Amino acid sequence: MRDIVFTRSGWLPSAIREDGELKLMLAAGADANHDPRTFTFPISEAHLAVIREDLGRHLLLWSAVLPLCDAAGTRGRLDEDAAVALLDPILLSSPGDVDAFFRRVRWDRSRLVAHGADIGLLERGQLCAAMRAATEGADDKRAQQYHADRRRAERGVVLGPLDTGILRYTGQYLHGATIPRRLPDAVEPALLPQVMQVIDTAERACVGMRIGLDPRRGNRATDRHDWDRMAATVDAALRRAYPELVEDAVRTVSFLMCSEAADRARSTPVEDDDEVTDGHGDLGEGARKTVLSFTDDQGTEKKWFRDGPRTASAEFWEFVAERSTGDNEVFTIEDEERGEGIQLHFYADSVARITTVRPGDAGSHPQYRVEYCLVDGLGGYRKLVSAFVRGGCAALDQFGPWMSEVAEFERARRRRDVR
């Protein structure tokens, strides 16, 4: 039989009488199903009297019991002896002794902050005095802000008013790992115009820049090179215009610009690379391919025909997005009719072009010329694929140097990788 003897609102521990015994009951931690666990331990009438009359002491006891509940894990037992040992020092001792006791035990600071404790006094170890401002209702956002400030302080970061406004505008003041958004209502009205000037500076810095999709990493992944390039551009512009901004503020604005550009890429139809000449001129209608074969490193094949509804580049990159994995990073485009193809090595940022020098006949094997070239990221791959589709291996000369010796190519690759 369990009866509630005394309770306060929220999650504060309640006094109960269970089978005639007075106990304190609280929900804390979680079980294997992520449901709150309930713990109890015995208390006396003297302890209950203080809990009834003194909200501050009630909260202090709760903050000291919570670490014991965490230590019990998902299925362990509460250390009742340790819990009972907290009662007299916290509920029945003088304020000075209580403050001294808390210097020797673990306690949950966030609960006290959420319930209105004076943070300055709390930081100085004057817990009983800090709890004079305590409230029965909790403000969890206050506790989140306190911990965010503490984490920044541990890194030596001191925010100015503009830094704070920027972090609040992007929604990253409390949680720096969240995706930034535009939240003008979260900024003090007097500060908002200055924040918007910073945002405008960032937007002007990256006008005309875009972050494309990277099919090597799936259907929705974005190009890391594009992301880094935009972030560096925004960072440089902000540091020139606002050298007083802390790294956290600069980074959150860069993150905002890049994440918005990435969202635009995901909602924009894929460009037809075949229609782009990249400033190298049109290779002529007769040079374009009519039938191509796409294959991956696991033997999957897909045919593209010129009279189909989509361009060769669009279908090839869709094939890559659907098939590319950590153990499937080699893709080939082959024109069997002309006896030529290119092989993309995503794991090494390189490509090989393969040309048939002599077809096999009368039982002999065909003879191929294989040449290798380094590739600068996804943009480089797109240009090569587009050029091959439009003009075959001959159209790739401009993207060299091409190396026929494997040893020479490996030396070039090693030199690039150490830069």
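Predicted model: local features only at pLDDT ≥ 70, side-chain atom pairs only at ≥ 80, totals over all residues.
**α9 and the residues behind it.** I then looked up how far α9 itself is covered, and found that seven of its nine residues are buried, so the helix is largely enclosed by the rest of the structure. The buried positions I listed are L162, D163, T164, G165, I166, L167 and Y169, and they pack against α8, α10 and α12.

**T170.** I went on to T170, which is found in the loop between α9 and α10 (192-205). Is T170 buried or exposed? I recorded it as buried, because its relative accessibility is 0%, the cut-off for that class being under 20%. Leaving out residues up to four places away in sequence, I found that T170 touches P180, R181, T252 and L256.

**α8.** Turning to the helix that α9 packs against, I read α8 as residues 140-154, a run of 15 residues that reaches 21 Å from its first C-alpha to its last, close to the 21 Å expected at 1.5 Å a residue. Its buried residues are A143, Y146, A148 and R152, and I traced their packing to α5 (109-114), α6 (119-123), α9 (161-169) and α12 (247-266). Just after α8 I noted another glycine, G156, which takes a positive phi of about 80 degrees.

**Domains.** I checked these positions against the domain assignment, which divides the chain into domain 1 (2-143), domain 2 (157-267) and domain 3 (291-417). Between the centres of domain 1 and domain 2, taken over C-alpha atoms, I noted a separation of 41 Å.

**The second largest pocket.** Last, I looked at the second largest pocket, for which I have a volume of about 260 Å³. It is lined by 18 residues, of which W11, L12, A27, W62 and R111 are the closest to its centre. The elements that give two or more residues to this lining are β3 (21-28) and α2 (55-72). Which element gives the largest share of the lining? I found that it is α2, with three residues.

Methods:
Residues numbered from 1 in each chain as written. Heavy atoms only, no water. Helix = DSSP H or I, 4+ residues; strand = E, 2+ residues; numbered from the N terminus. Expected span 1.5 Å × (residues − 1). Buried < 20%, exposed > 50% of the residue type's maximum accessible area, 1.4 Å probe, protein only. Contact = heavy atoms within 4.5 Å. Domains from an automatic or database assignment. 1 Å grid on protein atoms, 1.4 Å probe; cavity = no way out; pocket = protein on both sides within 12 Å on 5 of 7 lines; lining within 4 Å. Points joined across faces, edges and corners; volume = space filled by probe spheres on them.
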